[in-house]
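The entries below follow the order in which I went through them.

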Amino acid sequence: KMHAFFWHGSSFWKDGDAAKELEEGVWESASYVQPKLQTLNQCKDVAKGWATSKLKCRKELESKEYWDNLGERLESVAEEN
């Protein structure tokens, strides 16, 4: 229900001041996709991140051929793009 309140066309958007305040303040500072919140060279940390996180997925992914090198492969693609 909370997300639906903010959908375009909802009653929230009829209050232009409230909509502007939300867009200028909350979304910009709370969204992890904001360019200002992304670190330079963050794509160089993908392999290290996978090394520390992969154990959470061990049961589901350990049998896959990419288990050992997924982090390195993802990092190389991230660096290319």
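I began with W67 and found that W67 counts as buried, at 6% relative accessibility, where buried means under 20% relative accessible area, exposed over 50% and partly exposed in between, with a 1.4 Å probe and protein chains only. I note here that this is a predicted model, in which local features need pLDDT of at least 70 and side-chain atom pairs count only at pLDDT 80 or more, while totals for chains, interfaces and linings use all residues. Residues are numbered from 1 along each chain as its sequence is written, and side-chain values use heavy atoms, with hydrogens and water left out.

**Entry: the ring pair**

Which ring does W67 pair with, and how are the two planes set? I searched the whole structure and found one aromatic pair, the rule being that rings of Phe, Tyr and Trp (its six-membered ring) pair if their centres lie within 6.5 Å, with planes under 30 degrees apart counted as stacked, over 60 as edge-to-face and the rest as tilted. The partner is W50: the ring centres are 5.9 Å apart and the planes stand at 75°, so the pair is edge-to-face. W50 belongs to helix α3, whereas W67 sits in the loop between α4 (58–61) and α5, so the pair ties together parts that are 17 residues apart in sequence. I also looked up W50 by itself and noted that W50 is buried, with a relative accessible area of 13%.

**Entry: the chain as a whole**

I then stepped back to the secondary structure, which comes to five helices and zero strands, taking helices (H or I, at least four residues) and strands (E, at least two) as DSSP runs numbered from the N terminus. From the N terminus on, the order of elements reads α-α-α-α-α. Of the 81 residues of the chain, 17% count as buried. The accessible surface comes to about 7000 Å², with 55% of this belonging to carbon and sulfur atoms; the areas come from the Shrake-Rupley method with a 1.4 Å probe, and for residues only the protein chains shown count as cover. Among contacts in the chain with a separation of 6 or more, I noted that 29% come from residues 24 or more positions apart, a contact being heavy atoms within 4.5 Å.

**Entry: helix α5**

Which residues of helix α5 (residues 70–80) are buried? I listed L70, G71 and E75. They cover an arc of only 125° around the axis, which puts them on the same side of α5; the arc is that of the directions from the helix axis to the C-beta atoms. The buried residues of α5 pack against α3 (46–53).

I followed two of these residues further. G71 is buried with a relative accessible area of 0%, and G71 touches V46, A47 and W50, leaving aside residues up to four places away in sequence. From G71 to G49 the C-alpha to C-alpha distance is 7.4 Å, although the two are 22 residues apart in sequence.

**Entry: charged side chains**

How many salt bridges are there? The count comes to two, a salt bridge being a side-chain nitrogen of Lys or Arg within 4 Å of a carboxyl oxygen of Asp or Glu. In one of them, K48 pairs with D45, the closest N and O atoms being 3.9 Å apart; K48 is exposed at 58% relative accessibility, while D45 is partly exposed at 40%. The side chains of R58 and E62 also meet in a salt bridge, at 3.1 Å from N to O, and here R58 is partly exposed at 39%, as is E62 at 41%.

K54 is buried yet has no salt bridge, and the nearest side chain of opposite charge, D68, is 4.2 Å away, with Lys and Arg counted as positive, Asp and Glu as negative, and His and the chain ends not counted. Leaving aside residues up to four places away in sequence, I found that K54 touches W67 and D68.
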